[in-house]
Amino acid sequence: HDDTVMPPLHRKTIYKFYPSPLDLPGLNGEHWLPQTAELSRQDRVDRLSLEDDQFRLVIADGSLVHSERIPEMLMEVARVAAPGATVALALPSFSSFGEFFSIYWEALHNLGMIDHERDVENLISVLPAASQLEELAEQAGLEAISSVTVPEEFKYESAENFLSSPLVAEFLMPIWLETLAPDSREQVTKEIARLIKEESEHGMEFVLTVKATLVLGQKVLSQ
């Protein structure tokens, strides 16, 4: 996963999380249009190979980061931000993927895997709410914290289209099914596909809703 941070001081570039422009503190008008090439590098989101207090703006995308790593990721992006810098983190938050979890629970129930129904409840609750993200931002040393949540819908014409999409097949499904025994995963996936196909036969697209949350804050001037 590529994690991009703002280049030091004189270099400015914008990364957009949503279709409409975001009103970030200090990000207004042509003054913040890109002036030089962006700095892009591969790194561990929870252990950046960067020095402390470097950047006036850090924008982090946690969309493809396991929820368990988000607290450490936020600590790291705050660490590399300069005192007074703006820090922003975007990621899916609580109540995302509800449509899938409903079908997943139904598939487990249909297959008699009652012991795993609690796994679905855990998946629903593991994503942090906006209020929890704001608390994490405060623990990371940020102040003037705010957040905004925007629902985004992803529509799939068929079960095959949903299950083969790179985001689902390569990232989400391995996490969602990780508590199942390897020999059970194929069986559950087939039942999920059957249930989605059943919906599509009634002229309904399968919709996956993501509650995309952006948390903003400024690094305290002295810690």
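Two residues are said to be in contact when they have heavy atoms within 4.5 Å of each other. The structure is a predicted model, in which local features need pLDDT of at least 70 and side-chain atom pairs count only at pLDDT 80 or more, while totals for chains, interfaces and linings use all residues. Residues are numbered from 1 along each chain as its sequence is written, and side-chain values use heavy atoms, with hydrogens and water left out.

The chain contains seven helices and six strands; helices (H or I, at least four residues) and strands (E, at least two) are DSSP runs, numbered from the N terminus. Read from the N terminus, the order of elements is β-β-β-α-β-α-α-α-β-α-α-α-β. Of the contacts with a separation of 6 or more, 81% are between residues 24 or more positions apart. Among the 223 residues, 43% count as buried, where buried means under 20% relative accessible area, exposed over 50%, and partly exposed in between (1.4 Å probe, protein chains only).

In soluble globular proteins, nonpolar side chains tend to be buried together. A nonpolar core is a set of buried Ala, Val, Leu, Ile, Met, Phe, Trp, Tyr and Cys residues joined through side-chain atoms within 4.5 Å. The largest such core has 31 residues, and those with the most contacts inside it are Phe-100, Tyr-104, Phe-162, Trp-176 and Ile-192. At least two residues of this core come from each of helix H2 (98-110), helix H3 (117-126), helix H5 (159-164), H6, helix H7 (182-200) and strand S6 (206-219). Another core, of 25 residues, lies apart from it and includes Met-73, Leu-74, Ala-85 and Val-215. Beyond its neighbours within four places in sequence, Tyr-104 has contacts that include Val-120, Leu-123, Trp-176 and Ile-192.

Helix H6 deserves a separate description. Its buried residues are Val-168, Phe-171, Leu-172, Met-173, Ile-175 and Trp-176, and the buried residues of H6 pack against H2, H3, S5, H5 and H7. Ala-169 also belongs to helix H6 (residues 166-176), but Ala-169 counts as partly exposed because its relative accessibility is 36%. Not counting residues up to four places away in sequence, Ala-169 touches Leu-163, Ser-164 and Pro-174. In the loop between H5 and H6 is Ser-165, which counts as buried because its relative accessibility is 11%.

The largest pocket has a volume of about 650 Å³. On a 1 Å grid over the protein atoms alone, a pocket is an open set of points where a 1.4 Å probe fits, with protein on both sides within 12 Å along at least five of seven lines, and lining residues have an atom within 4 Å of a point. Grid points are joined across faces, edges and corners, and a volume is the space filled by probe spheres set on the points. Of the 34 lining residues, Ser-63, Pro-92, Phe-97, Leu-127 and Leu-172 are the closest to the centre of the pocket. H6 gives the largest share of the lining, five residues.

Phe-97 lies in the loop between S4 and H2 and counts as buried because its relative accessibility is 8%. Most residues other than glycine have a negative phi. Phe-97, although not a glycine, has a positive phi of about 65°. Ala-144, in strand S5, likewise has a positive phi, near 50°. Ala-144 is exposed, because its relative accessible area is 59%.
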